[in-house]
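How is the sheet of this model put together, and which aromatic rings pair beside it? The paragraphs below take these two topics in turn.

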Amino acid sequence: MIHAEGVAEVTDTTFDEEVLGAGLPVLVEFTADWCGPCRQLAPVLSSIAREEAGRVKVVQIDVDHNPDITSRYAVLSMPTLMVFQDGEPVKSMVGARPKRRLLQELEDVLPAVAGTLLGG
């Protein structure tokens, strides 16, 4: 798995506890070693995990080693990004994207704090 620095890995075994039971919204990247766009997304996820730590938990799951969760959410393309809130998927996005665009797409599902996601 292409590991994004500062981003925890979840598995079929730990997914329900780490993602569905989390107090914050959770951004899950479904990824694989063979996924080129996943490599592009790794530094974006690392940055968001670091900068938005109080607002969103960011995790990765390797689809090749965790078929149960991959099947449960009908993930077919890598990378797939899903946001979970209160144990339910509330948003799904497919494909790599730049940090600014990803943050814009997450604005409607992340809790508001002083200022904006884009630093304005």
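What follows describes a predicted model, beginning with the sheet and ending with a group of aromatic rings.

The sheet is open and has five strands, which run in the order β1-β3-β2-β4-β5 with mixed pairing. At its edges stand β1, residues 8–9, and β5, residues 88–94. Each of these two has a single partner strand, so one side of each is left without a neighbour in the sheet. For β1 the pairing is with β3, residues 57–62; it is parallel and extends over two bridges. Within this pairing, Ala 8 is the residue that stands opposite Val 59 of β3.

The aromatic side chains come next. How many aromatic pairs does the model contain? The count comes to three. One of them joins Phe 15 and Tyr 73, whose ring centres are 5.7 Å apart and whose planes make 45 degrees, a tilted arrangement. This pair links distant parts of the chain, since Phe 15 belongs to helix α1 (residues 15–20) and Tyr 73 to the loop between α3 (67–72) and β4, 58 residues apart. Are the two residues buried or exposed? Phe 15 has 0% relative accessibility and therefore counts as buried. Tyr 73, at 17%, also counts as buried, because the cut-off for that class is under 20%.

Tyr 73 takes part in a further pair, with Phe 84. Here the geometry is edge-to-face, with 5.0 Å from centre to centre and 80 degrees between the planes. Phe 84 lies in strand β4 while Tyr 73 lies in the loop between α3 and β4, so this pair ties together parts that are eleven residues apart in sequence. With a relative accessibility of 1%, Phe 84 counts as buried.

Taken together, the ring pairs link Phe 15, Tyr 73 and Phe 84 into a cluster.

Technical notes
Residues numbered from 1 in each chain as written. Predicted model: local features only at pLDDT ≥ 70, side-chain atom pairs only at ≥ 80, totals over all residues. Heavy atoms only, no water. Pairing = 2+ DSSP bridges. Helix = DSSP H or I, 4+ residues; strand = E, 2+ residues; numbered from the N terminus. Phe/Tyr/Trp six-rings, centres within 6.5 Å; stacked < 30°, edge-to-face > 60°. Buried < 20%, exposed > 50% of the residue type's maximum accessible area, 1.4 Å probe, protein only.
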